[in-house]
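Subject: Structure handover and interface notes

Hello,

Please find the structure below. My notes on its interfaces follow.

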Amino acid sequence: MATSTSEQRIHNEGVKKRRFRFLYSKKVAPYVFVSPFIISFLLLSLYPFLSAINMSFQRVLPGQIDYIGLHNYSRVFNPTFYTALQNTTIYVVWTVLILTFIPLVLAVLLNNRLMTFTNIFRAAIFIPALTSVIVAGTIFRMIFGDSEAAFANQVLQFIGLDAVEWRYGAGSGMFLMVALASWRWIGVNILYYLAALQNVNHDLYEAADIDGAGVWQKFRNVTFPAIKPVVIFLSTITIINGFRMFEESFVFWETSSPGNIGLTVVGYIYIEGIQRNDMGFGAAVGIVLLLIILVISITQLVLTGAFKKGDS
Amino acid sequence: MKKLLLLSGISVLTLTACGGGNDGDSNGDTNASASENGAEEVVVIGEDIEGATELTFWNFQELHTGFFEDAVNRWNEEYPDRPIQLTAETYPYDQMHNNLLLALQSGSGAPDIADIELNQYPNFLRGEPQLLPMNEYVEPELENFVQSRLEIYAKDGTYYGLPTHVGATVMYYNTEITEAAGVDIDSIETWDDYIEAGKQVVQNTDAVMTTVESDESWTFYPLISQRGSDYFDENGELILDNEANVDTLQFIHDLVYEEEIAQLTPGGFHHAEEYYGFMNDGGSASLMMPMWYMGRFTDYMPDLKGKMQIRPLPTWEEGGNRSAGMGGTGTVVTNQTEHPDLATEFLAFAKLTPESNIKLWEILGFDPPRFDVWDSQEMNEPNEFYDYFHDDIFEILLSIRDEINELNITEYNPDVAQELESNVYHSVLREQSQTPQEALEQAAEAVRSRIVE
């Protein structure tokens with residue numbers, strides 16, 4: 001009896017081993033490990049992407065789908081789309097400027113040995129990134145309410161300025177969106193910079209000190225070259241995230257903002273595709289947006305030298 | 001170790017927070033927390049009846065659930081052999097309409113019965129409507145109804161949606177303010193009288209005469225409809241930039257900037273929190289909104305109880321129309337229902353019968369679209385609306401019944417609404433950067449460019 005149980009066990013283990021032997025194969029294992037990502041990419045990214053391209057040539061109505069050639073694309077370039085593109089572009093410029101520069105300054109400060117309470121500051125700056133944009137947006141909406149009793153207006157009045165109807169002006173509306181995005185993402189970007197700053201070779205600083213370099217010279221010649229890849233990375237993802245921004249606008253105005261001051265390209269896709277039941281047109285706008293992001297990102301990467309090999 | 005504990009604590013919390021929503025369906029009672037699919041409120045009606053057919057109902061206004069709760073109970077009493085168990089789910093306005101559109105588009109996931117708001121309704125009529133025809137029940141009742149209210153939910157002679165109210169637009173006066181200003185509201189007959197009264201109000205009190213919407217259409221649309229204009233004519237041609245409309249928008253602009261008796265609505269529209277507070281504090285002497293707005297007074301402006309009087313609208317010229325039918329919700333049966341016969345018959349029972357129309361008034365405070373019940377005895381029984389306002393509400397309604405113009409709803413109405421709400425009102429009323437003529441022409445141009453399909 002005892003032997004048969006142990007025989008059984010050995011047999012089972014043998015089966016197990018055989019079943020999972022391919023996991024030990026150096027050729028197969030990597031593919032097994034990356035397969036969840038490949039599968040989810042194929043299902044959740046590539047398939048929707050291809051069907052969006054297909055859909056952009058269709059008129060999609062309940063119960064009837066027709067191919068209508070380039071008609072959807074010929075409708076894309078209308079005044080509302082240009083407004084959306086303009087808003088989005090302004091937003092991208094502001095967020096790229098703010099989200100690559102300010103975190104850099106803060107990270108350098110936080111990385112300084114003379115700075116005290118760095119951990120508290122790091123935590124405080126990072127916490128906004130953990131907040132959902134809807135929650136944060138609701139709080140922003142209260143702070144920047146239209147009434148004179150709203151917090152931001154109280155502050156303005158305290159320093160002798162007039163109250164502002166934040167959600168009704170083009171400038172103040174843009175300010176709200178950029179402020180919300182900046183508040184949320186500065187912490188994450190600081191984290192990237194800090195990681196890069198930790199990797200700067202200290203010998204170089206010492207050498208620079210011996211050579212009598214000042215603070216600025218050290219930053220320019222030692223620190224910046226080391227973190228330049230992070231700067232390029234951050235500006236690239238900020239551009240991409242900026243062009244696909246939706247929530248920051250949605251929390252302030254939902255889908256209809258006065259004078260379209262908060263309309264973004266993705267918001268426009270949402271309005272046309274989902275709210276107005278015009279999926280084909282929405283898909284066409286999406287493809288156009290994709291091309292815009294592609295062109296800008298590639299241009300930016302070429303200009304910043306990200307494609308050059310071995311220059312660092 | 002501490003960190004590990006903390007981390008696992010957080011993940012457990014997050015998991016329970018995500019998983020907590022399912023209760024709504026299982027325990028059956030009203031559950032104000034989110035359900036698994038994001039509904040704000042889920043109510044199961046008639047779950048204690050064995051063998052009841054299960055139907056789902058989506059709406060965007062939880063008050064409507066109460067109305068259907070009553071209808072299901074009445075149905076189950078009347079037809080004990082064919083009982084119904086209705087799961088009513090309330091979602092935020094946009095979310096519900098989007099979900100419903102996507103569900104109908106993709107062919108799965110739609111409820112049996114759904115409420116669709118008039119502004120969104122044309123989206124559901126595009127292509128081949130994925131809704132079940134209700135002609136069998138509507139046609140025999142046509143003559144008892146304010147017909148225009150049935151037509152707005154029809155396409156090519158097929159009735160898909162059943163109306164919820166007439167939406168007769170009226171003027172709500174705060175008599176505490178008008179009396180303080182020395183204005184007799186019964187002497188206001190034309191808009192000119194109204195402006196004169198408004199000047200008295202502004203002069204003698206801290207309040208303005210009225211508020212005009214800058215973010216929604218409840219000021220512009222009733223006014224143009226009252227004077228016989230519309231966004232589209234009866235042939236479906238766009239007339240958004242016609243003379244009457246330009247003139248009306250100028251009139252609204254002048255109420256604020258020339259006559260200085262009105263201000264832009266705090267919060268932008270009459271359903272904003274800011275507005276409820278402003279009105280409740282006596283900020284404005286009057287308000288033009290449809291009858292169905294009564295419920296907003298009783299729910300959100302409790303301090304005005306006993307002070308508000310309802311009157312017909314001032315006219316554009318003597319003998320002109322004193323009202324306009326505004327807004328609406330069509331209730332439909334989707335083609336994804338597994339019980340088409342029961343669902344359509346129940347819906348007709350819930351919204352077409354005289355009893356159900358009386359309930360529309362008793363439960364929701366809506367002016368029922370079936371006018372043969374307006375002078376019935378039940379309509380005069382005391383309720384919270386008579387309590388809040390005054391008791392001759394239906395006499396007023398009967399007197400203006402024939403002064404409500406039809407609306408011409410086309411599939412491009414949502415486009416017009418979008419142009420008006422995001423561009424026209426903003427540039428004319430708020431920024432004053434465009435004249436009504438310029439703004440309406442531009443909007444009409446934008447809509448026309450979409451019509452060429």
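How much area do domain 1 of chain A and domain 2 of chain A bury between them, and what share of it is on carbon and sulfur atoms? The two domains bury about 400 Å², with 86% of it on carbon and sulfur atoms. Buried area here is the accessible area (1.4 Å probe) that two parts lose on being put together, summed over both.

Before the rest, the conventions. This is a predicted model, in which local features need pLDDT of at least 70 and side-chain atom pairs count only at pLDDT 80 or more, while totals for chains, interfaces and linings use all residues. Residues are numbered from 1 along each chain as its sequence is written, chains are lettered from A and ligands numbered from 1 in the order in which they are written, and side-chain values use heavy atoms, with hydrogens and water left out.

Domains of chain A

Domain 1 of chain A spans 3–56 and domain 2 spans 77–304; the bounds come from an automatic or database domain assignment. Their C-alpha centres lie 39 Å apart. Five residues from domain 1 and six residues from domain 2 make the contact (heavy atoms within 4.5 Å). A:F49, A:M55 and A:S56 supply 79% of the area that domain 1 buries against domain 2, more than any other three residues. Across this interface the rule finds zero salt bridges (a side-chain nitrogen of Lys or Arg within 4 Å of a carboxyl oxygen of Asp or Glu).

Chain B against chain A

Here 25 residues of chain B are in contact with 26 residues of chain A. The area buried between the chains is about 2,500 Å², and carbon and sulfur atoms give 38% of it. B:Q105, B:R126 and B:R450 supply 23% of the area that chain B buries against chain A, more than any other three residues.

The rule finds two salt bridges across the interface of chain B and chain A. One joins the side chains of B:R430 and A:E165, at 3.1 Å from N to O. On the side of chain B that touches chain A, the elements giving two or more residues are α4 (93–106) and α18 (413–430) of chain B; helices are DSSP runs (H or I, at least four residues), numbered from the N terminus. α18(B) gives the most, with seven residues.

Regards
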